[in-house]
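Please open the structure in a viewer and keep the selection tool at hand.

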Amino acid sequence: MNYQEAAIYLQEGENNDKFFTHPKNAKALAAYLFAHNHLFYLMELSTALLLLLLSLCEAPAVPMLRLGIFVHATLELFALIVVVFELSMKMRWLGFQTFIRHKRTMVKTCVLFVQFIEAIVVLVRQTSHVRITRALRCIFLVDCRYCGAVRRNLRQIFQSLPPFIDILLLLLFFMVIFAILGFYLFSPNHSDPYFNTLENSLVNLFVLLTTSNFPDVMMPSYARNPWSCVFFIVYLSIELYFIMNLLLAVVFDTFNDIEKRKFKSLLLHKRTAIQHAYRLLVTKQRPSGISFKHFEGLLRFYKPRMCARERYLTFKALNQSNTPLVSLKDFYNFYEVVGLKWKAKRNREHWFDDLPRTAFLIFKGINILVKSRVFQYTMYTVVAVNGIWILVETFMLQGGNFFSRNVPWSYIVFLTIYGVELLLKTTGLGPVEYLSSGWNLFDFSVTLFAFLGLMALAFNMEPFYFIVVLRPLQLLRLFKLKKRYRNVLDTMFELFPRMASLGLTLLIFYYCFAIIGMEFFAGVVYPNCCNTSTVADSYRWVNHTVGNRTVVEEGYYYLNNFDNILNSFVTLFELTVVNDWYIIMEGVTSQTTHWSRLYFMIFYIVTMVVMTIIVAFILDAFVFRMNYTRKNQDSEEDNGIVLEKEISKEEVIGIIELYKRTSGGTETAQLQKIVLQMDKYGQMSTVFLGRRSRTKSDLSMKMYEEEIQEWYEEHSRKEESQTPLQEPASASSSSLKPLSLRQRSQTVI
């Protein structure tokens, strides 16, 4: 039975890998297994990070991290050789024809070739040259297995570009019309530097779109003719308040549609993977389903670390028909069930049920107390009073040393109350039940930090005073009171993984623009560099004497430069915020050429695309959550996915005997423990609970429940129409190529 090939199909379904990359022979299988383990993934990630971090050491380098040309060029060549090895393993697995069909891999190969030549040139010449192609190093990071979410984000950005470009062209069209109009209206005013040429008119209206130079850009013309304000009001009303919001609406609608199509595609891809695996697991003797023996063999490859108990419980959870075989209909739920973590359901309702009666009554009273609404609202009141006290206390501070050597009595009082609450909840609910709640974990963490802050104040440990500032985090508990706030916080916690990937996507764009900025603008900006420009005051650094002291007039904007990668990131973040970003642009332009403005404008447009996608994603997630909540108003508390399964003593003994016959009984320890537990309590069966957190996919399955059936029917019809055409090819391929693969992955249980 070919368990390994079936497991590979399921992994391809889970990872959304195309089936044409499936290994076709034993040699490809060996390369596939080598390229699909965490050591290989870590090697990919480490190599990509090394190439990116070299920008800290290459000219223009961070002063403290500067390395010699020979050192950083050798490190770069070493990393590129590792990438060559990675690609050679992929080619061995995919085969040459499939390798060149894989677009992302071919792009990576081309970038590798260019980087390799440049690194050799630098090493031979022992001097750096203009290397804009360093900006392409981020492709090595994007191609890593751990950056799959980043690839999905980039794919969605590119898919959202067509409607975005349409609206952007409309925006630029109106900008050009208003630039021409502004030039004719305001260029006769020689005191107006913003519209004296058509180029300045275009640039300043582009900046005005970000409101960074408003109302400064309007004031010279407004001083001459008050009616000129109409021009700026109409421009901002059309461009900023109409077209920019229309842009967000269009991107949001496109994003929502892409999310739905992506979910549909992944769902059907997983369904196809399950069908492929099912065909490999059924036998001629039992064509109606998968036996436990074959299912167990599958899981040995799909999840090697899963214990015997969890394998059987997973089989039991899938087998809804309670027959010896898992049907295809049941097997379709494989991905939903295989992620469950199983634990035996407690025989006792409370942890203190077996204690003597007096102790039982005491702990039972504490349990009732901590679960009562009176106790909960009392603690909410204490948190609110504590918040008001901190606010008043902070308001009365006058600056200087905020941390007194004497510990405030209010700190001790409130910390004591929180400590008593923590003790009551731990004893009343039990440590396991208490720590199973996310809110309780949050309360425990904040209370612990408050205690550490008290220690820092009491023992005068100044480096740890910052912990005291974390006290106001207790106020977040008040958001549990209102359902809307709970929904917002739940959505926020659900968004954290995706927001992290979106943040990494933005950093990748930052890296590309930082490299380009360093190549063209390093060393350009310095104090008093822009004395002939309109932003000279922002770069001025002058010492002059007033009486008996020296006064320094410092503009500080010379600090916003591209002298190294770290400074470039800070500068790009300031450009993202767009407040006074034109000062940075004009400072660089005054020292280079007018074409430099294109760099800053393109960066603004790119970040606008990414930030619009981020806003659309947040809106989509929040609206989706609200719609799901309205549709399922009966489920107030979201405890994740919970599945309950009962197994009898006879079943467990039968599985133990099966393992003894097949594997010598080396994996039966946990199963025997279940039997001993049943004997201890005189039970003939025991109940297990399978739990996992609810994902966006689970919510989507619930939201699109009716449409999913239509998708399945459409998918089945499509497969039926393609089957007659594919049967001859599949028959010949199954008799030739997969033979060596199956021999390699033969498993006996």
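**First stop: the cysteines**

Select Cys 144, which counts as buried at 0% relative accessibility; buried means under 20% relative accessible area, exposed over 50%, and partly exposed in between (1.4 Å probe, protein chains only). This is a predicted model, in which local features need pLDDT of at least 70 and side-chain atom pairs count only at pLDDT 80 or more, while totals for chains, interfaces and linings use all residues. Residues are numbered from 1 along each chain as its sequence is written, and side-chain values use heavy atoms, leaving out hydrogens and water.

With a disulfide taken as a pair of cysteine sulfur atoms within 2.5 Å, the count is zero. Cys 144 accordingly is in no disulfide; the nearest cysteine sulfur belongs to Cys 147, 5.2 Å away. Next, select Cys 529, which is buried with a relative accessible area of 7%.

**Second stop: helix 20**

Select residues 438-458, which form helix 20; helices (H or I, at least four residues) are DSSP runs numbered from the N terminus. Helix 20 gives the largest share, six residues, of a nonpolar patch. Leu 448 is located in helix 20 and is partly exposed, at 41% relative accessibility.

Move to residues 705-744, helix 29, where Glu 705 is found. Is Glu 705 buried or partly exposed? Glu 705 is partly exposed, its relative accessible area being 44%.

Terms used
Helices (H or I, at least four residues) and strands (E, at least two) are DSSP runs, numbered from the N terminus.
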